[in-house]
Amino acid sequence: MRDALVAGGDALAPLARVYEVHDFQPIWDDGKSEALLASLWGAGDHGLPVARYRVERLAGMAAEGTDARIAREIAFSRAFLRYARDVNSGLLEPRSADRDIVVSPKRPDPVALLEGLADTPDAADYIAALAPGHKDYENLLAEKKRLEALIAAGGWGEAVANGPTLRQGDTGPRVTQMRTRLGAMDGVDYGTEPTFDLALADAVKAFQLRHGLNDDGVAGPKTIEALNATPTDRLKQVLVNLERQRWLNYDRGDRHIYVNQADFTVQLIDHGKVTLHSRVVIGKNRHRTQEFNDEMTHMVVNPTWHVPRSIATEEMLPKLQRNPNALGGSMQVMTRSGTRINPALVDFNQFNASNFPFIVKQLPGGGNALGRVKFMFPNKFSIYLHDTPTKSLFAKDTRAYSHGCVRVQKPFELAELLLAPQSDDPAATFRRHLDSGSERYVNLETPVPVYLTYQSAWVDGFGVPQYRADIYGRDGRVFDALSKAGVTLAAVEG
């Protein structure tokens, strides 16, 4: 056994360390072997590819003869470590699926995994506990089963035909189609009447709420698109979001900030309780907000906006070329050494994006593009949360309009809650900084973890499945990567 592990080199080094502690005696007795085989056969329940673990080969390996026993022992240990890693922290390396997913899963230590398996009296429970224990993951597993049963039963029936927006009072066959399809989704008989009445409008509103759409009861293009999604489409989303949950399978902190880009929301969570829920605006498609995790260290009250060079050259320079005074009094054009210039005295037509020699900044104030406060977690993407003077965008259901930063609808409430652990009167403390009118840096005594994620499918606290549109196409790219790794839609394939 020792010779075989040594011959395996670095690939078997973790195994060698564990087996040395156990005097190179076998770990995989009948009970542990049966528990592993059962888990591997059930890998599909977690949306993982059974074929990846070569279960049939393992099950058929002989246990007679020294060489055969050693080969079997090593094969079982290697299969266990591969499955344990996948189910615990994800099958994929996130950035390999999409370059904007800059998340680093916390991979379990293979030595610790195998040591734990060797020492446990109950291998089945030990292996089962490797999967995320977070309620979001458990709920998605249940939703996966529900969708697989729906697919096997034939789905939700006929789609709603394309056509103009449907409103209360409209009549026609598309209204009947909508009644039938909503009824199949809701498990309710909405009848076959061709008239869009109040009861149908209420059903549409409920549907819109669980798909992140403004609940106006009007079936426009976004509502029809969500209605026509198939159970297979939703199953793909669930498989992708199970993988996302595995990437986040670690303690997220008693207090943390959770931005869900797909839902256009931010939450402040304290000891499992949501203490703030706010709408947000995220990056438009050409300025997509990245997925990553960081720590918020401070806020800036009455911030100065240091305009990114890309915005200064691509958006502001053309305005200056048409009218040197186009930026207004709150904007300052400066040399790179910090000397303010009078834009009226400059011929901006001599410059382009590559040779523009100035920097632009906007002074604090109500019209500042960052609003009155920004929340900082310094990162290489220059992404942060901030207030905004443009409040109207929060009324839209799809809110992707920024250059990448996250605009918060309730910034003052967030600021006060963040200050609460370090101030007897956080509202007064924040107001004092605000009323000063000058830029103030306010450190958080305890940094707060920030998660900028993209959860497009989950089950809410009332047990209602929630789905969101794949605005950045990330779900599609992650599912393609999962498919290449062997994940299949087992229920569809029969």
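This is a predicted model: local features need pLDDT of at least 70, side-chain atom pairs count only at pLDDT 80 or more; totals for chains, interfaces and linings use all residues.
At what angle do helix H10 and helix H11 pack?

1. **Helices H10 and H11.** Helix H10 covers residues 173-186 and helix H11 covers residues 198-209; they pack at about 55°, and their axes are 11 Å apart.

2. H10 brings Val175, Met178, Arg179, Leu182 and Met185 to the contact, while H11 brings Leu200, Ala203, Val204 and Phe207. By class, the residues of this contact of H10 with H11 are 8 nonpolar and 1 charged, with no polar ones.

3. **Helices H3 and H5.** Another pair to look at is helix H3 (residues 30-41) with helix H5 (residues 66-89), whose axes come within 11 Å and cross at roughly 45°. That angle makes H3 oblique to H5. The crossing of H3 and H5 is left-handed.

4. **The contact of H3 with H5.** On the H3 side you will find Ser33, Leu36, Leu37, Ser39 and Leu40, and these meet Arg72, Phe76, Ala79, Phe80 and Tyr83 in H5. The residues of this contact comprise 7 nonpolar, 2 polar and 1 charged.

5. **The second largest pocket.** Now to the open spaces. The second largest pocket has a volume of about 720 Å³. Its lining is made of 35 residues, and Trp305, Pro308, Ile311, His403 and Cys405 are the ones nearest its centre.

6. **Who builds that lining?** At least two residues each come from strand E5 (305-306), helix H14 (309-322), strand E8 (373-376) and strand E10 (400-402). H14 gives the most to the lining of this second largest pocket, namely 5 residues. Sorted by class, the lining of the second largest pocket holds 16 nonpolar, 12 polar and 7 charged residues.

7. **The cavity.** How many cavities of 30 Å³ or more does the structure hold? There is 1, and the largest cavity contains about 50 Å³ of space. Around the largest cavity you can pick out Val103, Arg244, Trp247, Leu248, Glu291, Asn293, Leu452 and Thr453 as its lining. Helix H13 (231-247) and strand E12 (440-453) are the elements that give two or more residues to the lining of the largest cavity. By class, the lining of the largest cavity has 4 nonpolar, 2 polar and 2 charged residues.

Conventions
Residues are numbered from 1 along each chain as its sequence is written. Side-chain values use heavy atoms; hydrogens and water are left out. Axes are lines fitted to C-alpha atoms, for helices over the stretch in contact, and angles run from 0 to 180 degrees between N-to-C directions. Helices (H or I, at least four residues) and strands (E, at least two) are DSSP runs, numbered from the N terminus. Angles under 35 degrees count as roughly parallel, over 145 as roughly antiparallel, 65 to 115 as roughly perpendicular and the rest as oblique. A crossing is left-handed if the near helix is turned anticlockwise from the far one by less than a right angle, and right-handed if clockwise. Contact means heavy atoms within 4.5 Å. Ala, Val, Leu, Ile, Met, Phe, Trp, Tyr, Cys and Pro count as nonpolar, Asp, Glu, Lys and Arg as charged, and the others, Gly among them, as polar. On a 1 Å grid over the protein atoms alone, a cavity is a set of points where a 1.4 Å probe fits but cannot get out, and a pocket is an open set with protein on both sides within 12 Å along at least five of seven lines; lining residues have an atom within 4 Å of a point. Grid points are joined across faces, edges and corners, and a volume is the space filled by probe spheres set on the points.
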